Amino acid sequence: DQQRKGLLELINVSSEGAFNLLENLLQWARTQTDKIKYSPENLDVYEVIAATISLLSITAEKKHIRLKNNVARNTLVHADKNMINTVIRNLISNAVKFTANGGEVSINVTAAHKMMEISVSVDYASAGRHDAQRGFPGAFDQALRALEILHATRIHPEQRVHMISVLLDDNLDDVEPLIERCESMGITYLMTLYSHNRGQKP
């Protein structure tokens, strides 16, 4: 009975995950036809991250990776729900992809001068290579759109929006074009080195 219960719970999570992925694809389609509306509201980041962890739990379990939500409950931000879901899902999905088997992914939020900082991951300067690496068509355009909206809707100048890239042996030539793109967008560019203990590259 316990095994059957576990299987039913797994099927339920998988069904919810498939529904959420379909919803995300529809959301992406709306962005491509300019039918998406920016609707900011007060959101609990803890709840957003918890929902994303639930969505990606099966993928993490396949690599025996533990997903840990270190964000305190009632950590409120003013943002568009669909947009923040996309950004957080992108970050956690990449973390799972680059973490070695048996590792741990911890999610934290940092407040800088009482302002939240946020980064969107872009590893290649071309849409084709970025989308292929992410395994999701339109990922590049969606990431840039998220950066534009985040930057344009800042309430205070101190709020910082970053594009972040993992430096790999096949994207060295992409760094300069990405920096130039960030300069034209008015955002900052962050680069992180690929850690050997994160496992094999995709």
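Trainee: Why is His 64 called exposed?

Mentor: Exposed means over 50% relative accessible area, buried under 20%, and partly exposed in between, with a 1.4 Å probe and protein chains only. His 64 comes out at 61%, so it counts as exposed. Keep in mind that this is a predicted model, where local features need pLDDT of at least 70, side-chain atom pairs count only at pLDDT 80 or more, and totals for chains, interfaces and linings use all residues. Numbering runs from 1 along each chain as its sequence is written, and side-chain values use heavy atoms, with hydrogens and water left out.

Trainee: Where does His 64 sit?

Mentor: In the loop between α2 (45–62) and β2 (66–69). Helices (H or I, at least four residues) and strands (E, at least two) are DSSP runs, numbered from the N terminus. His 64 also has a positive phi, about 55°, although it isn't a glycine.

Trainee: And what makes Asn 74 exposed?

Mentor: Its relative accessibility is 63%, so the exposed label applies. Asn 74 lies in the loop between β2 and β3 (76–80), and its phi is positive too, near 65°.

Trainee: Why is Asp 131 called buried?

Mentor: Because its relative accessible area is 16%, and the buried label needs under 20%. Asp 131 belongs to helix α4 (residues 127–134).

Trainee: Which backbone nitrogens lie by polar atoms of the Asp 131 side chain?

Mentor: That of Gly 138, at 3.0 Å, and that of Phe 140, at 2.8 Å. A polar contact is a pair of N or O atoms within 3.5 Å; within protein, one must be able to donate a hydrogen and the other to accept it, and residues adjacent in sequence count only if both atoms are side-chain atoms. Both distances, 3.0 Å and 2.8 Å, fall within that cut-off.

Trainee: What makes a set of residues a nonpolar core?

Mentor: They are buried Ala, Val, Leu, Ile, Met, Phe, Trp, Tyr and Cys residues joined through side-chain atoms within 4.5 Å. The largest one here has 20 residues, and Ile 49, Leu 67, Ile 88, Ile 92 and Ile 107 have the most contacts inside it. Helix α2 gives the most to this core, with 7 residues.

Trainee: Which residues does Ile 88 contact, leaving aside neighbours within four places in sequence?

Mentor: Val 45, Val 48, Ile 49 and Thr 52; contact means heavy atoms within 4.5 Å. Apart from this core lies another, of 19 residues, including Val 87 and Ala 143.
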